[in-house]
Amino acid sequence: MNTGIVGACVLALALAGCGDRAQVVVYKQGQYQGKPDGKPWDNDAFSGDRTEWEATIRARNQNQNEYRRING
Amino acid sequence: MARMKFICDTERCIECNGCVTACKNEHEVPWGVNRRRVVTINDGVPGERSLSVACMHCSDAPCMAVCPVDCFYRTDEGVVLHDKNLCIGCGYCFYACPFGAPQFPQAGAFGLRGKMDKCTFCAGGPEENGSEAEFRKYGRNRLAEGKLPLCAEVCSTKALLGGDADVLADIYRQRVMTRGKGADIWGWSTAYGKPEAPAQPPAAGGKS
Amino acid sequence: MTLTRKSTSGARASSGLARSLSAAAPRIMDRRTFLKRSGVTAGASAFASALPFSMVERAQAAPAPAVGGKVVMKRTVCTHCSVGCAVDAEVVNGVWVGQEPVFDSPINMGAHCAKGASIREHGHGEHRLRYPMKLVDGRWVRMSWDDALAEVSARLLKLREESGPDSVYWIGSSKHNNEQAYLMRKFVSMWGTNNCDHQARICHSTTVAGVANTWGYGAMTNSYNDMQNSKAILFMGSNAAEAHPVSLLHILHAKENGAKIVVADPRFTRTAAKADHYVRIRSGSDIAILYGVLRHIFENGWEDRKYIDDRVYGMDKIRDEAMKWTADKVEEVSGVPDDQVKLIAETMAKNKPSTVVWCMGQTQHTTGNAIVRMMCNLQLALGNVGVSGGGTNIFRGHDNVQGATDVGPNPDSLPGYYGLAAGAWKHWANVWGVDYEWLKGRYASQALMERSGITVSRWIDGVTEKNEFIDQDPNLRAVVFWGHAPNSQTRGKDMLEAMKALDTLVVIDPYPSATAAMAASARRDGVYLLPAATQFETEGSCTASNRSLQWREKVIEPLWESKPDHTIMYLFAQKFGFAEQFTKNVKVNNYEPDIADVLREINRGTWTIGYTGQSPERLKIHMRNMHVFDPKTLRAKGGIDKETGYSLDGEYFGLPWPCYGTPDMKHPGSPNLYDTSKHVMEGGGNFRANFGVEKDGTSLLAADGSASKGADLQFGYPEFDHVLLKKLGWWDELTDDEKKKAEGKNWKTDSSGGIIRVVMKVHGCHPFGNAKARAVVWNFPDPVPQHREPLFSPRADLVAKYPTHDDKKAFWRMPTLYKSVQDQFANVGKDFPLIMTSGRLVEYEGGGDETRSNPWLAELQQDMFVEINPRAANDRGIRDKDMVWVRSPTGAQIRVQAMVTERVGPDTVFLPFHFAGHWMGKDLIDSYPAGAAPVVRGEAVNTATTYGYDAVTMMQETKTTVCQIMKA
């Protein structure tokens with residue numbers, strides 16, 4: 001996996017995959033050349049439901065707010 | 001739409017380095033690589049303040065702008081990630097980053113020779129989410145598990161906040177309103193004018 | 001200002017941004033560990049055959065991502081300080097693969113410091129002691145458990161035969177859980193000696209003695225959580241931001257809500273950085289400052305007169321003494337100008353409830369017992385004790401130092417502070433189900449059975465002191481370090497001599513520890529290392545500083561060949577011939593005493609301090625229902641356990657002791673001690689009647705009208721026994737069965753718990769009586785606390801004015817010097833002008849063998865250092881990061897890195913005490929078993945510390961001694 005040859009192969013594959021679906025926000029000056037990444041909600045836990053994932057994250061975020069626990 | 005951010009409340013950060021070891025623990029980060037670290041100013045004198053720093057997942061990220069092989073991407077949630085298969089380890093991003101976030105591991109670390117490594121916001125990288133390959137190259141993917149970065153989740157004083165920027169803003173705003181002032185740190189008075197006089201005048205030798 | 005400016009610090013800079021700059025060429029630990037961590041398994045396995053320890057097991061146990069295997073969650077508690085942070089461990093196929101925050105815990109709400117956040121590393125333990133080993137001709141040789149047990153027990157039995165049971169010294173551990181600590185005291189008793197101790201001696205022994213003698217119990221009165229209710233907090237001798245980082249979660253929350261924080265310390269600590277006011281004091285001058293503070297309080301009428309009249313004895317004498325401490329005198333001794341002294345007084349008096357926090361900065365002095373009583377007196381004068389938001393918040397050190405103090409291996413007491421008198425022995429013999437006469441026969445004599453043993457701070461003198469001067473027949477000939485570091489004790493140079501002189505030295509520990517290295521550097525044989533399991537490899541309860549008990553589940557099986565401590569105790573008990581008596585009431589499975597059974601036995605015996613209500617069942621219910629407890633009050637709001645239907649409503653988290661009576665009585669635990677605003681069955685109380693009912697014609701009982709809420713007796717009363725119960729006509733409220741057991745007994749020895757039940761539940765009274773706190777402790781050397789200069793003081797003028805105590809002949813079995821040492825070193829300041837003090841770093845704990853072996857922590861603090869003020873450094877031609885020699889009057893010298901910083905004043909230097917493994921300039925790496933040396937080693941500050949012990953508890957003086965520094 002560490003060699004340039006393998007890297008180049010991956011690059012080619014990644015480019016081939018790019019056209020299929022918009023996976024990433026692309027920086028203006030350059031086009032992301034790497035492997036496409038999945039969405040954090042595309043799994044068994046969230047079954048592709050982005051809204052549910054966002055709600056989970058927002059709820060989880062409140063664990064960083066001790067005021068909610070102390071006064072709740 | 002969720003937009004992921006870190007903020008560190010300097011009124012609370014006590015430089016305990018919990019965020020640093022949490023990161024090491026979660027991602028098996030090797031010795032010498034510091035995806036996160038704590039910076040202290042005025043160390044040992046009144047006015048000492050600490051701040052936990054990692055990749056800030058910039059909205060207009062300089063690393064992305066300078067990367068010669070365009071290995072960076074930003075996810076829909078605003079997390080800046082990169083593809084280690086593509087990265088050539090040139091270090092341009094290290095020059096560009098104002099926070100010193102990019103790290104260049106010793107050969108072999110993370111299974112990839114000399115590739116740049118940095119904070120992923122616990123979002124892994126461009127391998128299948130939760131896969132062995134993703135863990136080996138980028139570390140654990142907590143976001144895909146519905147969790148947030150471990151550094152922020154375990155912060156000893158809940159100084160380091162990480163997650164949806166809107167939620168963080170609410171949490172931080174409540175603190176600022178409760179204590180009646182913002183951060184006693186550089187930049188605040190420049191941006192917002194002098195803070196209100198503290199309730200009690202500082203003693204000689206007290207905080208600045 | 002740029003982010004890259006990382007102060008003037010030296011070693012600390014390694015945690016700063018400087019690291020990123022050197023990231024391209026990181027410092028390497030050792031090749032093997034690096035390869036392992038980096039996941040290059042092919043390389044590692046090729047390497048394996050050459051390794052001193054087989055890597056095969058490690059490779060199998062290598063952390064894999066939590067994908068694939070079934071994840072089992074185990075709930076445990078961090079083992080690195082007394083806050084008691086809960087941890088959820090993710091275990092796959094027996095391997096600890098992940099760690100999740102426990103947001104539900106009311107104590108830490110998910111938070112961790114560097115140590116807690118890296119606790120999982122202990123589940124892998126590459127630097128652990130893996131097998132029993134012994135020193136053969138100066139080299140470490142592996143041996144089997146069978147051989148090790150046979151050899152060690154034969155040697156110890158031989159010594160017992162030749163010199164009696166008092167020739168062996170047992171150093172137990174505050175890192176043992178309650179059950180193990182309790183078994184340790186029982187074990188040593190059955191061996192036949194009181195020569196046992198643990199870290200509490202050198203941690204908070206002065207607090208426990210001073211505070212218990214003031215008002216009843218020697219423990220933190222309130223809790224970390226309760227500090228959210230404080231309006232002012234005074235830290236004196238505590239650097240909580242580093243030593244108890246997660247406590248700052250509650251403290252900074254309080255600050256955010258308006259609490260004023262004052263830090264008085266010789267060092268501008270990270271806690272000071274978060275304070276409203278910082279007051280720099282001269283190390284060891286606390287009593288002078290606190291009298292100055294009290295003078296301002298009395299002069300301004302800020303004291304709580306009604307409270308003092310109702311609940312305090314002897315405050316007038318404190319007031320008289322305070323009036324003598326004029327502004328000039330206070331400043332002369334402490335260096336603190338009067339306006340700052342007044343600021344402390346005013347902040348505390350005008351922002352009530354106000355609380356105080358102290359730690360080793362106050363306890364580790366020759367006057368420690370008096371310093372801590374001054375803190376109590378300050379709080380009593382202000383009426384702050386027994387009040388939510390007030391109290392004395394004494395932060396303990398180790399994760400279970402409170403529990404080990406309560407029920408563990410103390411030389412002066414059986415579990416539960418019962419003492420060593422015949423009555424105490426009979427009580428415990430009864431609980432253990434053994435014959436008192438048999439126990440007595442285990443000891444050299446009844447006199448030695450009832451005489452306090454040698455303390456851990458003095459074992460070295462127990463070995464080397466002339467025999468005619470010690471208060472027991474033999475000198476010590478063997479020492480067993482059972483979970484204790486050597487470098488946390490002072491006089492390291494003398495310790496090495498003692499180690500040389502021993503017949504046998506045994507280390508029972510998860511890590512070989514600095515003991516192994518020190519011993520191997522000085523001996524050829526007679527040293528044994530036995531691998532013990534950590535608290536993650538067993539189950540059991542531990543007591544946090546706030547007296548809450550938490551139950552740890554077993555996370556993983558013991559690593560390598562290690563065994564749990566209680567199993568090792570049982571195996572030795574077998575060899576020594578008392579295994580049957582040792583576990584009379586306890587199931588034993590495969591040589592392992594059942595931990596829950598042990599806790600039940602503790603429950604049946606420890607009435608004095610209310611360790612009776614915390615049954616294993618109740619504790620486990622608390623652990624799985626953490627979310628119902630409020631983080632401010634620690635009280636459950638409703639809540640029914642799903643598994644058992646148990647109702648949690650009204651209970652306090654972890655049933656903080658005292659949790660009186662039997663578990664069936666359902667006492668909820670006591671969140672804040674001595675709180676009269678609550679009913680005793682709701683956790684309320686009052687000061688303890690433990691010192692008689694009158695002194696010199698003055699009543700010691702609480703005044704009329706002062707009692708806990710709803711008590712039938714609304715006035716002072718003595719403690720309850722069968723006589724008082726009969727006099728009050730309450731005796732017939734006992735059941736017939738209870739009467740049988742309670743006849744002739746008091747509330748502490750009534751094994752039915754009936755007296756406690758009737759007094760508390762029926763009449764709302766306190767079984768230990770209702771008395772006044774004692775501002776004057778007449779049984780101590782200085783009943784009214786007095787400032788006394790340390791034995792090694794750079795100020796000859798103050799030594800003349802405030803001399804120390806006279807020498808003592810037989811004190812904890814040892815002659816103990818005060819005046820003669822101070823006189824001899826009266827002018828020590830000429831050659832050693834710097835005050836040397838020591839303390840903690842956030843990354844490490846205690847002697848540091850465990851934490852310095854954790855690479856995630858070790859990377860953050862790689863060098864032992866000394867903090868020195870720029871003024872003192874410049875005068876000596878020292879620059880930041882120079883290597884320097886720190887020389888002490890003992891002739892010891894240690895080589896460390898200079899950190900030039902204004903954190904300390906020009907007259908003081910600070911050194912962290914967690915380092916060991918270097919000895920006066922030499923790295924001892926070759927003296928550790930191969931591969932088991934900690935990642936980071938350095939000089940131990942205590943190699944250079946001097947003589948000096950507290951006049952009540954034998955606490956060692958670490959915080960104020962002297963040194964000179966020069967460039968290496």
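**Entry 1: chain B.** I began with contacts, which I count when the C-beta atoms of two residues, placed from the backbone, lie within 7 Å. Of the contacts in chain B between residues at least 6 apart in sequence, 55% join residues at least 24 apart. A note on the source: this is a predicted model, so local features need pLDDT of at least 70 and side-chain atom pairs count only at pLDDT 80 or more, while totals for chains, interfaces and linings use all residues. Residues are numbered from 1 along each chain as its sequence is written, and chains are lettered from A and ligands numbered from 1 in the order in which they are written.

I then looked up burial: a residue is buried if 20 or more other C-beta atoms lie within 10 Å of its own, exposed if 12 or fewer, and partly exposed in between, with C-beta atoms placed from the backbone. Chain B has 208 residues, and 62% of them are buried.

Chain B holds seven helices and six strands. Read from the N terminus, their order is β-α-β-β-α-β-β-α-α-α-β-α-α.

**Entry 2: confidence in chain B.** I checked pLDDT, the predictor's confidence in each residue, from 0 to 100. The average for chain B is 86, and 82% of the residues score at least 70.

**Entry 3: a helix in chain C.** Next came helix α6 (residues 145–163) of chain C. Its 19 residues reach 26 Å from first C-alpha to last, close to the 27 Å expected (1.5 Å times one less than the number of residues). Which residues of α6(C) are buried? I found A148(C), V152(C), L156(C) and R160(C). They cover an arc of only 90° around the axis, so they lie on the same side of α6(C); the arc is that of the directions from the helix axis to the C-beta atoms. As a reminder to myself, an α-helix has 3.6 residues a turn, so residues three or four places apart point the same way. On the other side of α6(C), the exposed residues are D146(C), D147(C), A154(C), E161(C) and E162(C). After α6(C) comes G164(C), with a positive phi near 95°.

**Entry 4: what covers the helix.** The cover over the buried residues of α6(C) includes β6 (168–171), β14 (478–481), β15 (504–509) and β16 (527–531) of chain C. I followed the pairing, which needs at least two DSSP bridges between strands. β6(C) and β14(C) run parallel, joined by four bridges, with V168(C) opposite A478(C). β14(C) also pairs with β15(C) in the parallel sense over four bridges, and there V479(C) stands opposite L505(C). From β14(C), A478(C) and V480(C) point one way, V479(C) and F481(C) the other, and all are buried.

**Entry 5: an open sheet.** Last, I found an open sheet of three strands in chain C, ordered β32-β31-β33 with mixed pairing. β32 (922–923) and β33 (938–939) of chain C are at the edges with a single partner strand each, so one side of each is left without a neighbour in the sheet. Strand β31 (residues 917–919) of chain C is joined to β32(C) by two bridges and they run antiparallel; H918(C) stands opposite D923(C).
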